[in-house]
Amino acid sequence: MALSGQVTRSLRLELFQQSKQAAPRIARRTFVSQTPRCPKYERPSKAVRQQLRSFTRSTRYAASQADVAPNARAYIESGVIAGAQNLVDVKKVLVIGSGGLSIGQAGEFDYSGSQALKALKEAGVQSVLINPNIATIQTAHVLADEVYYLPVTPEYVTYVIEKEKPDGVFLSFGGQTALNLGVKMDEMGIWDRYNVKVLGTSIQTLKTSEDRDLFSRALKEINIPIAESIAVGTVDEALEAAETVGYPIIVRAAYALGGLGSGFAENADELRNLSAQSLTLSSQILVEKSLKGWKEAEYEVVRDASDNCITVCNMENFDPLGVHTGDSIVVSPSQTLSDEEYHMLRTAAIKIVRHLGVVGECNVQYALQPDGLDYRVIEVNARLSRSSALASKATGYPLAYTAAKIGLGHTLPELPNAVTRTTTANFEPSLDYIVTKIPRWDLSKFQNVNRNIGSAMKSVGEVMAIGRTFEESFQKAIRQVDPKYHGLQGDKFDDLDEVLKNPTDRRWLAVGQAMLHEGYTVDRVHELSRIDKWFLYKIQNIVDCTHELEDIGSLFGVKKELMMKSKKLGFSDRQIAKAVNSTEDEVRARRKHFGVKPFVKKIDTLAAEFPADTNYLYTTYNATTHDIEFNDHGIVVLGSGVYRIGSSVEFDWCAVNATLSLKALGKKTAMINTYSTDFDVADRLYFEELSYERVMDIYELESATGVVVSVGGQLPQNIALKLQETGKAKVLGTDPKDIDKAEDRQQFSQILDSIGVDQPAWKELTSYSEAQKFANEVGYPVLVRPSYVLSGAAMTVIRSEDELEEKLTAASDVSPDHPVVITKFISGAQEIDVDAVAAGGKLLIHAVSEHIEDAGVHSGDASLVLPPVSLTERTIERVKEIAEKVAKAWKITGPFNMQIIFAENPDGGEGLLKVIECNLRASRSFPFVSKVLGTNFIDVATRALLDKEVPEPVDLMKVKRDYLAVKVPQFSWTRLAGADPYLGVEMSSTGEMACFGTDLVEAYWTAMQSTMNFRLPNPGEGLLFGGDTATLDLAKIVDYLNPLGYKLFAANEEVKQHLESQSKDGSVKVEVIEFPKQDKRALREVFEKYDIRGVFNLAKRRASSMVDEDYVMRRNAVDFGVPLFMEPKTAVLFAQCMSEKLPKKEGIPSEVRRWSDFIGGKPL
């Protein structure tokens, strides 16, 4: 670090030159990126002369103290930099959240919002958060001063501004939702009218980065090449533009998230359909030349208002351009760019961000010619994006936190890096490890869905794995995506070359199949896939090592060198065992006998050049020492791993709250999770796989005193028994043997019988003939499910014998070791959810929520009401008795959840309560019940686990409340081309929102409006009806809506007759309209012609064909961005809401209330 006198002199000169441009504060690190201008000479001001002198002093000091490690705090306190001179004067800031998790906008945006709230708290600025996502850590008083669970729409945000009178707003921490809202409210003049300052990046910059026309003009001004493109607003203009640009082309929608509404077109026909669909999602689309096959890279850039600008991280996509970056495998830092390419793109990124005037954080995406220095800018996101969360995690540089501080007026040189604590925020991280991100898709849950991946994103979550080599990092990431994968592997493909050429969600499996089993060379795979050869050669190393192990064929032939080599390449014990025909436990024993164990390393943004002080950890075999000492003997908390359908941010809330409670009880904690947890929650955060092997490695290294398996969803539950029995780990809470008794259908049922708790008739079967016999005895419909399942995977309701035969073959594929279970399915029953905590078999607290939908809709897709409105006190009391019996029978300590159905008694008398499921772990609804009842269920559960300060039992359901809350699902049908928007026993929602109200109508009214891109149909517009006419639900809906003056349409005569004859007052007039089923473009014109703004389609069952009228109606409502109501109970309820709430009244509606006002304080 010693600086020679010459450097000192040149730095003085450079500073003097710069000072004439009157830049307020400057840090040495930024000189590389300051663009010299030619100012006219002025004598430097006094402040600058002062700064010059102190800079010279510090440079001399640096030269004399060369070997002292840097310390950000001491550096800033030494007064070298005049701190915080231009802070923005705000007392109360509105933070706009991103709403329910959906494809394209998941937990990453949530993470950035939480960081912004943290920065506000530190600055002593009050925060008001609007975010209806009840499942997240963000919406709690720990982070935000006030929370509103309301729709993120201009209307509701304006109401909150009127009530709270904030003087600032953050728009860049809530994904595309917040950004679009901010731009819209600016156009409406609301920010000015209420004197609310937009903090950070200005609205004009946001518009420039989102509006394709303005964007291309801005980049041309500084000679930065962008993809040749023309912005258009109609289909005809799009066709004309394509002739100019030349096919193949890509279409993108402005102001859209995750590539929504984009796609590739090879010819005019494809373009016609694509552009028509894109124009329903956005008023402006971009027709541009396709650069498919080029490399794709991204830079994360931070800039402050004083023009200090650094790039924090760069990333490179494993998949070439053509696959949306959210659906690509991504590595950071980039691996295949030359130094020249890297710096060319870095310089361009800084130039762009300065020119656009971004204040805060921003990412720039590039297409780079694979064999030359030609590049194009694809897009700039002037907000925190999905990749900024990845970059924060990958580098240990808290981007969102820093961006929030910049928004408040701080500059980079005066901010310490909150994670490393040894550098300032004006320091570019350098990494001595490699991070691999792999997306997680759940496309197999949907019927008819198109599995190709392209420019529109379809993945529901992503994992990030850290290693010291690409091979290690890549294989770790594969296992994190799904525990069924052992590492690099293949799969069966009908046409392997086709999948390599045109990617699907199984693309990496195709690469594995080709190279591991089909003998494809690197050159051949590269020709087909355009994946860079560098990556393929690395994969070849894994392939060679696999073959080497297979050739030896027995564990005893594996010597220490080969064991070490395979571990360095990221092989798991199970993977090695499979190759040498052994078992995981035997491989583990031999590996430990050789002394081959992983080392724990810190995520070190300083590449070990300076000491780093972080608790972000990962394990690797490519090391010789540990970075930490193991003196904590803390408790290991297992998180939920990758976000997927059925296990998402709710379990994060549970794991984080358990960790915070353990801390409060004086325990040290080590958390193992893969992505979404923040750095300051646990004493140690391991970014690792939730596999038996890795959990035991960490447990043994830490000499931990216990492990918590009940707060991370299903994954930790699946390894609990093995951790205890084989690994001899101390599992806190309910004994894993008892957990096993609840998971195994046979034992579960016997115990329920023994304690006198009812359940539907069921049988465990191994053959089709037995199944047929049972179904005929109890009568159809029946429910088929495999044992050990998360969120209804492979569960199906079967209504006839033909279906039974067809479906049984599918269920046996799911878990061959477990036979299938067939249960009598009770139609028309009501479903009840119970979330509870017990200690030593004694019930401590419980919550009883009711579903609005009938049983048969998966509980994750159902709308929950708490406190329940239709259950009697006696029923709630009986439910509590069942919970007490279950807690006692399974000796439960910790959280548990039950689903119970309430059915009519055929013999008269009290209704029947039958238990259909019981999970001895925290459930998806724990955050919801905790926040609604104002009691942290996880905190109570954690005390029970430790048997420390356990509270006395209390019956929260006995408390009278003057409010209720409704939790509704967030679906992402728009993203899943072809999927049938229909609810069944398989879970299909990706997120959830909840809103409060004084009654059901008020709460459900707001909750439905919180769903993404929901546009309320206004009186006078058209509504289209379809579906089952055997019930009166459609007629009930029409009775509610007819007086409001909507135009009513049906697609066939039968529905028209039904609506006109069954409605109450006989004044209903329904028009039958033409309904083309196979021509999407013609159908869109029909929707436009009749101004159809809402669709009610209540079909009895899922469609069997793609030309089924009801399927076409549901699917196209989603594709055309029209609200779809396809479940009878909720459709009728929303119609009731519309009849009571429309036309809207003057003034602030009663549902606009702080969360703390509803629940009476801030107990959480």
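Two strands count as paired when DSSP finds at least two bridges between them. With that in hand, we can read the sheets of this predicted model.

**The parallel sheet**

Let's start with an open sheet of 5 strands, whose order is β3-β2-β1-β4-β5 and whose pairing is parallel. At its edges stand β3 (146-148) and β5 (197-198); each has a single partner strand, so one side of each is left without a neighbour in the sheet. Inside this sheet, β1 (residues 92-96) runs parallel to β2 (residues 126-130), and 5 bridges join the two.

**The antiparallel sheet**

Now turn to an open sheet of 7 strands, arranged as β31-β30-β27-β28-β29-β32-β33 with antiparallel pairing. Its edge strands, β31 (912-919) and β33 (991-997), each pair on one side only. From one strand to the next, the twist averages 25°.

A helix also joins the picture: α30 (residues 873-889) packs on this sheet, where it touches β27 (830-839), β28 (842-854), β30 (894-903) and β31. The direction of α30 makes about 135° with that of β30.

Valine 968 has methionine 993 in β33 as its bridge partner.

| Strand pair | Direction | Bridges |
|---|---|---|
| β1 and β2 | parallel | 5 bridges |

Key
Residues numbered from 1 in each chain as written. Predicted model: local features only at pLDDT ≥ 70, side-chain atom pairs only at ≥ 80, totals over all residues. Heavy atoms only, no water. Helix = DSSP H or I, 4+ residues; strand = E, 2+ residues; numbered from the N terminus. Axes fitted to C-alpha atoms, helices over the stretch in contact; angles between N-to-C directions. Contact = heavy atoms within 4.5 Å.
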